[in-house]
Amino acid sequence: MNPEQLNVIKRLGEVSRMLDAATDELAVLDEEAVQAKQAFEVEYARRFIAAEGAIDMRKHLATVATADLRLAYELAYAKHRACKERINTLRNQLSTGQTVSAALRHQFAAEGVGQWT
């Protein structure tokens, strides 16, 4: 096995470990995002019910009262989306690395290293 191929194999192992870690992180972020959404929606409903006045006024009062929870909810989903994108990037890197590895193997085999002429 040539040194270039060893480097590609090492990198593939590294990316594979990173993909495993990101997949585990995504599960945690998914749960956090769901919890943040639930907390926001329940508190919004409570504030809406407790508010007085016309429907639009109650909506605005509930929106203002739950702004921090809404932001936490949106940020949790942003982290979730970023992690999903990182996973897609890692998958692309794995695919590219596998292609490079196959090309190096093919090149090495075609060179006829060690063959008698």
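The largest nonpolar core of this predicted model has 12 residues, namely V8, L12, V15, L19, A22, L26, L29, C83, I87, L90, L94 and L104. Two helices, α1 (3-50) and α3 (67-111), are the elements that give two or more residues to this core, and the largest share, 7 residues, comes from α1. In soluble globular proteins, nonpolar side chains tend to be buried together.

**The cores**

- Within the largest core, which includes L19, one can look at the surroundings of a single side chain: L19 touches I87, L90, R91 and L94, when residues up to four places away in sequence are not counted.
- There is also a second, separate core of 5 residues, and A33, A36, F40 and Y73 are among them.

**Helix α3 and its buried residues**

- Helix α3 has 45 residues and reaches 65 Å from its first C-alpha to its last, which is close to the 66 Å expected at 1.5 Å a residue.
- The buried residues in α3 include Y73, A76, H80, C83, I87, L90, L94, G97, S101 and L104, and what covers the buried residues of this helix includes α1.
- An α-helix has 3.6 residues a turn, so residues three or four places apart point the same way.
- H80 lies in helix α3 and counts as buried because its relative accessibility is 10%, which falls under the 20% cut-off.
- Leaving out residues up to four places away in sequence, H80 touches L26, L29 and D30.

**Aromatic residues**

- A pair of aromatic rings is described by the distance of the centres and the angle of the planes.
- A search of the whole structure finds 4 aromatic pairs, and one of them is the stacked pair of F40 and Y73, with 5.7 Å centre to centre and 10° between the planes.
- This pair links distant parts of the chain, since F40 is in helix α1 and Y73 in helix α3, 33 residues apart.
- F40 is buried, with a relative accessible area of 9%, and Y73 also counts as buried, at 14% relative accessibility.
- Y44 and F48 form another stacked aromatic pair, with 6.5 Å centre to centre and 15° between the planes; both residues lie in helix α1, 4 residues apart, which is about one turn of the helix.
- Y44 is partly exposed, because its relative accessible area is 23%, a value that lies between the 20% and 50% cut-offs.
- Taken together, F40, Y44, F48, Y73 and Y77 form one aromatic cluster.
- The ring of F48 also has a charged neighbour, as the charged end of R58 sits over this ring, 4.5 Å from its centre.

**Confidence in the model**

- The mean pLDDT of the protein is 91, and 94% of its residues reach 70 or more.
- Among the elements of the protein, α2 has the highest mean pLDDT, at 97, while α3 has the lowest, at 91.
- Where pLDDT is low, the predicted coordinates should not be read in detail.

Terms used. Residues numbered from 1 in each chain as written. Predicted model: local features only at pLDDT ≥ 70, side-chain atom pairs only at ≥ 80, totals over all residues. Heavy atoms only, no water. Core = buried A, V, L, I, M, F, W, Y, C linked by side-chain atoms within 4.5 Å. Buried < 20%, exposed > 50% of the residue type's maximum accessible area, 1.4 Å probe, protein only. Contact = heavy atoms within 4.5 Å. pLDDT = per-residue confidence, 0-100. Phe/Tyr/Trp six-rings, centres within 6.5 Å; stacked < 30°, edge-to-face > 60°. Lys NZ or Arg CZ within 6 Å of the ring centre and 35° of its normal. Expected span 1.5 Å × (residues − 1).
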